[in-house]
Amino acid sequence: MDFVAPKVAAEIESWLGYLGDERRMSPKTIEAYRRDVLQFLGFLAAHLGGAPSLRELAALAPADVRAFMAARRAQGIGSRSLMRTLAGTRAFARFLERNGKGKVGALAAVRAPKIAKNLPRPLTVAAARGMADPDLPAGDGHPPWIHARDAAVLALLYGSGLRISEALGLTRADFGAGDAITVTGKGSKQRMVPVLPQVQKLVAAYIALCPYDLPDAGPLFVGVKGGPLSARVVQLAMARLRGALGLPETATPHALRHSFATHLLARGGDLRSIQELLGHASLSTTQIYTEVDAERLIEAYRSAHPRA
């Protein structure tokens, strides 16, 4: 990496180590941060005529950061990606400042781009339930246990509000006979989530049909060859069901998690409890569902009220 000065490269590695060891960030998040900072440094090397040193980073002007943003825009980068890149570079700048390596004030002086808020698109209750129906016509040649498995996974996403990674991260031992399970979410944080009787039945049906031995320490959900099930397979199963049920492209596995939260809120669920069930670190992340619910109420009002 000719565009990164040796001392800057050493600080980047130290920072990434801190993110993994102390902040407990996932390898994918750390890699994204690395990529964001290297994009910024690569631009600066061309912009300034050489790999910037720590002193040159501290001497950057807001115009330099704006030039970077303009260059990324010219490459077709959207506001959300650009904001993430700035967030990564600012995090690195804060690390440098805390460790006495200089303050990159230009990054803080420039406003991040505004992003249009995209609200989650939940499914209807009937559609969400339909996704977990193992008796839907498949027409794909897979054996019955595959359809039972897909139904069990999708039922967990909607019935317990799990992320795909959380459902696929369950081991056979995690899923006992009780009405709750412990899942490991982002940042390796664990939480208890309830499992509805209907979901327990679907998982039990899958386990009974599965042709592979499922040891306690092994994955609960396995693929056609007996290895850990991939998220891509779940996404493809969801796409097949979308076609069978006539649902839009927005009906994704993650939309089932959105539906879980939205339907709970619509039926009087407490926002703080929903935050705990979803495993959100901040209540502000969960509050987006209040906007979803309000939007649906307004749509219902406009379509049904005689004066609307």
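**Exercise 1. The largest pocket**

How much space lies in the largest pocket, and which residues line it nearest its centre?

This is a predicted model, in which local features need pLDDT of at least 70, side-chain atom pairs count only at pLDDT 80 or more, and totals for chains, interfaces and linings use all residues. Residues are numbered from 1 along each chain as its sequence is written, and side-chain values use heavy atoms, with hydrogens and water left out.

*Solution.* 

Step 1. Read the volume, meaning the space filled by probe spheres set on the points. The largest pocket holds about 800 Å³.

Step 2. List the lining. It has 15 residues, and Ser26, Lys28, Thr29, Lys186 and Gly187 lie nearest the centre of the pocket. The largest share, 3 residues, comes from α2. Helices here are DSSP runs (H or I, at least four residues), as are strands (E, at least two), numbered from the N terminus.

Step 3. Sort by class. The lining has 2 nonpolar, 7 polar and 6 charged residues. Asp, Glu, Lys and Arg count as charged; Ala, Val, Leu, Ile, Met, Phe, Trp, Tyr, Cys and Pro as nonpolar; the others, Gly among them, as polar.

**Exercise 2. Aromatic pairs**

Describe the aromatic pair of tyrosine 18 and phenylalanine 95, then the pair of tryptophan 145 and tyrosine 212.

*Solution.* 

Step 1. Rings of Phe, Tyr and Trp (its six-membered ring) pair if their centres lie within 6.5 Å; planes under 30 degrees apart count as stacked, over 60 as edge-to-face and the rest as tilted. The structure holds 8 such pairs.

Step 2. Tyrosine 18 and phenylalanine 95 lie 5.8 Å apart, centre to centre, with 35° between the planes, and form a tilted pair. Tyrosine 18 is in helix α1 (residues 6–21) and phenylalanine 95 in helix α5 (residues 79–98), 77 residues apart.

Step 3. Check exposure (buried is under 20% relative accessible area, exposed over 50%, partly exposed in between, with a 1.4 Å probe and protein chains only). Tyrosine 18, at 21%, is partly exposed, whereas phenylalanine 95, at 5%, is buried.

Step 4. Tryptophan 145 and tyrosine 212 are edge-to-face, at 6.0 Å centre to centre and 80° between the planes. Tryptophan 145 lies in helix α8 (residues 144–160) and tyrosine 212 in the loop between α10 (197–209) and α11 (231–245), so this pair ties together parts 67 residues apart in sequence. Tryptophan 145 is buried at 8%; tyrosine 212 is partly exposed at 32%.

Definitions and conventions: On a 1 Å grid over the protein atoms alone, a cavity is a set of points where a 1.4 Å probe fits but cannot get out, and a pocket is an open set with protein on both sides within 12 Å along at least five of seven lines; lining residues have an atom within 4 Å of a point.
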